[in-house]
Amino acid sequence: MFKHIEQFAKRGKTPLLVVPFWKGKKGAEAAAPIGAFEKEISTPIDHGDFKGDLSETTLYYNNGSRVLLLGLGDKEKVLLESLRNAFSAACFFARSKKIVDLSIVIPDCKDHSAEKITAAVAEGFLLSNYSFDQLKSEAIKKEPTQLIKTVDLIGCSKKAFEEAKKFEKIVKGVYLARDLANGNADDITPQELGRQAKLIEKEFEGVKAQVHDKKWIEKEKMGLLLAVNRGSNRDPAFIVLEYKGNPKSKDVTVVVGKGVTYDTGGLNLKPTGFMETMKCDMSGAACALGTIVAAASLKLKKNVTAVIPTTENGIDATSYKPGDVYTSYLGKTVEITNTDAEGRLILADALAWTCKNLKPSRIIDFATLTGAVVVALGDDVSGLMGTNKGLEEALFKAGEETCERVWPLPLYDVFFEHLKSDVADIANCGTGRQAGSITAALFLKEFVEKDVPWAHLDIAGTAFLKGAKNYRPKGGTGVGVRLMIELLENLS
Ligand code: BES
Ligand code: ZN
Ligand code: ZN
């Protein structure tokens with residue numbers, strides 16, 4: 001994808017040259033040293049047609065070549081996210097013209113290092129160079145999607161260019177997570193997630209996959225995963241995908257991902273309007289797999305293990321029943337008060353199993369867990385809950401860096417009242433709608449060993465969008481992969 005051209009003067013002929021501009025007081029001003037070329041392409045600026053507003057684009061022709069003037073907005077306080085968004089706009093512009101090769105002049109900016117700027121350009125660009133076409137036939141034959149193939153990055157240092165190359169690897173994990181969330185629920189089954197884990201093992205050095213079947217899950221007595229699975233005609237699976245980037249170290253970060261391949265709600269069936277996007281309910285699992293792909297592609301010198309409990313939450317005569325009690329892997333009994341609160345059940349078994357068997361240094365779980373988090377934080381911010389201040393702060397910082405933002409919700413004991421059961425050790429959900437995301441997390445907390453740092457990310461709002469937003473497409477966003485890589489890189 002990316003090629004390096006050190007100086008503007010050394011650029012070759014290109015189907016499209018993207019030139020960034022700041023919004024200046026006396027009209028737009030070039031955001032990188034482009035010498036006399038600035039004068040050559042000044043017509044739209046002189047006419048006041050192009051102002052340099054953030055993500056503003058104006059196409060201009062110079063010597064028979066296309067030049068895209070790209071606005072970056074105010075020079076004074078530049079956010080990396082603004083750069084991502086601007087270069088996302090440039091990518092979509094190029095795609096709309098079916099341009100497949102182009103060149104980008106990398107902006108200069110005093111607020112951020114050249115490495116960070118180049119990374120943000122690459123991120124905005126590559127995150128926008130995605131299309132999910134597997135389920136189209138007619139439209140795709142008529143008008144095949146053209147993605148951008150090569151981009152010359154002009155004017156950055158060698159070191160900064162490495163950041164762009166690095167992101168080419170990370171984005172593989174993001175694309176995989178998006179593809180899996182966008183795929184048909186009848187294709188992306190628990191078995192398919194297992195097959196994907198095996199493919200990742202084959203492709204990357206240092207990766208080992210174990211895909212456990214229903215027999216193994218029964219032997220391990222994961223009563224909650226099995227309960228959720230009863231309404232489905234497909235077996236559950238329990239996937240453990242390990243990447244050892246630092247075999248000498250005992251430190252291991254475990255990413256647990258909710259893998260409900262379709263959530264009908266079970267006997268507490270979801271109504272029309274709430275079920276249609278529920279193929280996305282394995283986005284936590286997708287994030288866990290994507291994280292391993294990204295970490296292994298980068299050859300990150302860290303150990304990461306993905307743990308994925310996966311099943312459909314279907315509906316059938318054999319479905320698990322509201323009012324019945326099931327025994328978890330940990331031994332605690334759980335009264336099912338709502339079969340639609342299934343994510344916390346399969347995660348409970350996975351968290352307890354992870355604590356007992358993997359000696360985790362920290363656990364981060366990703367789950368499309370509650371509609372309540374969408375009400376609280378919308379689709380730009382994931383809910384963060386947990387038991388360890390340090391881990392929460394590290395995730396918050398990684399969220400700010402990547403703009404995969406997370407925001408804390410409190411796990412006060414008072415909320416635990418909601419989960420009291422008269423017939424079992426604990427109920428899987430409260431009766432009212434109060435503090436729904438928090439009670440879900442408090443349920444999970446019961447299954448995590450006290451001395452293991454644990455954080456839970458509720459990605460129900462951020463994993464799957466109703467409409468595209470800048471570089472995040474409609475449908476699966478692949479949220480969590482960039483966040484996890486940033487977190488892992490920052491670990492000392
Ligand atoms: N998978 C859903 C949560 C969800 C909602 C994901 C919207 C993505 C978008 C989860 O299993 C669920 O159904 N949660 C219930 C919990 C309730 C029964 C306590 C909810 O949020 O309504
Ligand atoms: Zn549900
Ligand atoms: Zn669910």
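Not counting residues up to four places away in sequence, L391 touches R362, I363, I364, P453, W454 and A455. The model described here is predicted. L391 belongs to helix α13, which covers residues 389-402. The relative accessibility of L391 is 7%, so the residue counts as buried, the limit being under 20%. Between L391 and S157 the sequence separation is 234 residues, and their C-alpha atoms are 34 Å apart in space.

When neighbours within four places in sequence are left aside, S382 is in contact with L377, R405, V406, W407, D458, I459, T462 and V479.

| Ion | Donors | Distances |
|---|---|---|
| Zinc ion (ligand 2) | D263 (OD), D340 (O), D340 (OD), E342 (OE) | 2.0 to 2.2 Å |
| Zinc ion (ligand 3) | K258 (NZ), D263 (OD), D281 (OD), E342 (OE) | 2.0 to 2.4 Å |

How far apart are the zinc ion (ligand 2) and the zinc ion (ligand 3), and which residue coordinates both? The separation is 3.2 Å, and D263 is the residue that coordinates both ions.

Around the zinc ion (ligand 2), the six donor atoms subtend angles of 71 to 168°, and the arrangement is therefore irregular. Along the chain, the donors of this ion follow the spacing D-x76-D-x1-E. D263 lies in strand β11 (residues 259-263), while E342 occupies the loop between β14 (333-335) and α11 (343-357); the pair therefore ties together parts that are 79 residues apart in sequence. Both D263 and E342 are buried.

What geometry does the site of the zinc ion (ligand 3) have? The site is octahedral, with angles of 78 to 174° among its six donor atoms. The donor residues of the zinc ion (ligand 3) are spaced K-x4-D-x17-D-x60-E in sequence. Distant parts of the chain are linked here by K258, in the loop between β10 (253-257) and β11, and D281, in the loop between β11 and α10 (283-298); the two residues are 23 residues apart. K258 is buried, as is D281.

In summary, the zinc ion (ligand 2) has an irregular arrangement of donors, whereas the site of the zinc ion (ligand 3) is octahedral.

Technical notes: Residues are numbered from 1 along each chain as its sequence is written. Chains are lettered from A and ligands numbered from 1 in the order in which they are written. This is a predicted model: local features need pLDDT of at least 70, side-chain atom pairs count only at pLDDT 80 or more; totals for chains, interfaces and linings use all residues. Side-chain values use heavy atoms; hydrogens and water are left out. Donors are N, O and S atoms within 2.8 Å of the metal (3.2 Å for Na, K and Ca); water is not among the atoms, so sites may look incomplete. Four donors count as tetrahedral if all angles lie between 85 and 135 degrees; four count as square planar and six as octahedral if opposite donors are over 155 degrees apart and all others between 65 and 115; anything else is irregular. Helices (H or I, at least four residues) and strands (E, at least two) are DSSP runs, numbered from the N terminus. Buried means under 20% relative accessible area, exposed over 50%, partly exposed in between (1.4 Å probe, protein chains only). Contact means heavy atoms within 4.5 Å.
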